[in-house]
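Let's take a walk through this structure together. Keep the picture open and follow along as we go.

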Amino acid sequence: MTTIERTRADVTVDLDFYDPTIAAPVDRFNDLVADLAAINPVVYSTAHGGHWIVLGYEEITQVLRDPATYSSYPNNLVTNEAFGKFIPIELDPPEHTAYRRALAPLFTPKRMSELREMVRETVNELIDGFAKKGEAEFVAEFAHELPARVFLALMDWPVEDAPLFTEATDIVLFGKPGGTEEESLQARAMAGFQMFGYFQKIIEDRRANPGQDVTSTIVHTEVALPDGKRLLTDEELNRMCFLLLVAGLHTVQGSLAWAVKHLVENPEQRKLIIDDPGEVLPTAVEEILRIDSAIIAGRSTTREVQLGGMTIPEGDQLVVVLGAANRDGRQFEDPTRLDVLRKHNRHLAFGGGPHQCLGMHLARIEMNIALEELLRRIPDFDLVAEDPPTYHSSQVRGCARMPIRFTPES
Ligand code: HEM
């Protein structure tokens, strides 16, 4: 019997994850990705100088769990070498392990649980801001503000600085709106260096005046690095602050907006949560994280490797589309259907292996409390047909704007 082997040419496409048109309307992204997955669990794109796209659940799990073969640098197709590697996300073990061990105690379920009351207060303060109006721009008034305020409290950075880094992170992630690739690269570099200047001031302040916050702790913790146990340098602290900031904002923002979208589209599922939030919310949050997942992570091969029936040469770049794994019919029954009661939901929205999301306990707390209070206070929220949401692409998918309407709180 002859087996016909597929070559790279057989699975070559031209999809560019940074092309803004693939995000609008939102389901276009999922449809495009499903079309690619139907070709093969691993395909090749000519965009950004050429890279592989990994789509299958099994193949993605394999990549995430094997950092010796799939290096985490670079993590982005659009990268700026002048920034250096983001810590810890772009480092491989054993270097990664040392930084991760230093950070992990700051993000444990127990420590994050202690933030519950603060998260609930913040959620209710934000809802107070629009509940009586009967309408809101959900992203600006809630989904963006919540993770930003929680992050500021965690790091103990001044609340009034939020607009500064919101703008800079947007530019770093999405480039210059409407700009050419060259203009976007330049804008990214400028925004990045502006952020480094900001972090430097905070780091110096905490070095002199330590508190109980995460920033103070990482400034004053000795880390067992391959070159010996020592305090982190300013440059390392800068690259760590940057990653923490970028990691926790747009991801939660997007997931909250998808929650609204999916619950509006599935009123019977929304009712299941409203009728029994204590029982249903935890599985509902996992299902929302599964059905639309924010991250398209990047890797590069350290050796020639076989994956999804393809031979990938050493040094090639890959992206793993976690949202595609989470809609893989070989892993999830009826994967395009929202099922807030779904059991054994082993989704990969938070990744897996050594880089699995450090902020996942915090993200889950934010989402659970946010949905609990939104569904308690404005349970009939709806999208506005004549002013639909704007979603965005790149390697962090999400939502930029989402007008909503609901019965005003009396
Ligand atoms: C719904 C919200 C979130 C999602 C979907 C998400 C997803 C992810 C994913 C997929 C990764 C792994 C990327 C890779 O393997 O290359 C990751 C890593 C990370 N996330 Fe999250 N994240 C979320 C929220 C947060 C929050 C709130 C924080 C903290 C403030 C955070 C901090 C981090 C950090 C520090 C890493 C790097 C871990 C490492 O390299 O060891 N994330 N996240």
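In S11, which residue is the bridge partner of Arg299? It's Leu318. Before going further, a word on what you're looking at: this is a predicted model, where local features need pLDDT of at least 70, side-chain atom pairs count only at pLDDT 80 or more, and totals for chains, interfaces and linings use all residues. Residues are numbered from 1 along each chain as its sequence is written.

S8 and S11 run antiparallel and are joined by five bridges; strands count as paired if DSSP finds at least two bridges between them. Both belong to an open sheet of six strands, ordered S1-S2-S3-S11-S8-S4, with mixed pairing. At the edges sit S1 (12-13) and S4 (70-71), each pairing on one side only. S1 pairs with S2 (residues 42-45) in the parallel sense over two bridges, and here Thr12 stands opposite Tyr44.

H2 (residues 57-64) touches S2, S3 (51-54), S4, S8 (296-301) and S11 (317-321). Its direction makes about 125° with that of S11. Axes here are lines fitted to C-alpha atoms, for helices over the stretch in contact, and angles run from 0 to 180 degrees between N-to-C directions. Touching, or contact, means that the C-beta atoms of two residues, placed from the backbone, lie within 7 Å.

Next, the loop between S4 and H3 (95-103), where Pro74 lies. A cis peptide bond joins Tyr73 and Pro74, with omega about -5°. Pro94 is found in that loop as well, and a cis peptide bond joins Pro93 to Pro94, with omega about 5°.

On to the helices. The axes of H7 (residues 145-155) and H11 (residues 234-265) come within 8 Å and cross at roughly 150°. H7 and H11 are therefore roughly antiparallel to each other, since angles over 145 degrees count as roughly antiparallel, under 35 as roughly parallel, 65 to 115 as roughly perpendicular and the rest as oblique. The contact is made by Leu146, Pro147, Ala148 and Phe151 of H7 and Leu245, Gly248, Leu249, Val252 and Gln253 of H11.

H7 also meets H5 (residues 116-128): their axes come within 10 Å and cross at roughly 140°. That makes H5 oblique to H7. Among the residues making this contact are Met118 and Val119 of H5 and Glu145 and Leu146 of H7.

Finally, the ligand. Of the 26 residues around it, Gly248, Thr251, Gly351, Cys357 and Gly359 come nearest; a residue is near if its C-beta atom, placed from the backbone, lies within 6 Å. H11 gives the most to this shell, with seven residues, and H11 and H15 (360-377) each supply at least two.

Methods:
Helix = DSSP H or I, 4+ residues; strand = E, 2+ residues; numbered from the N terminus.
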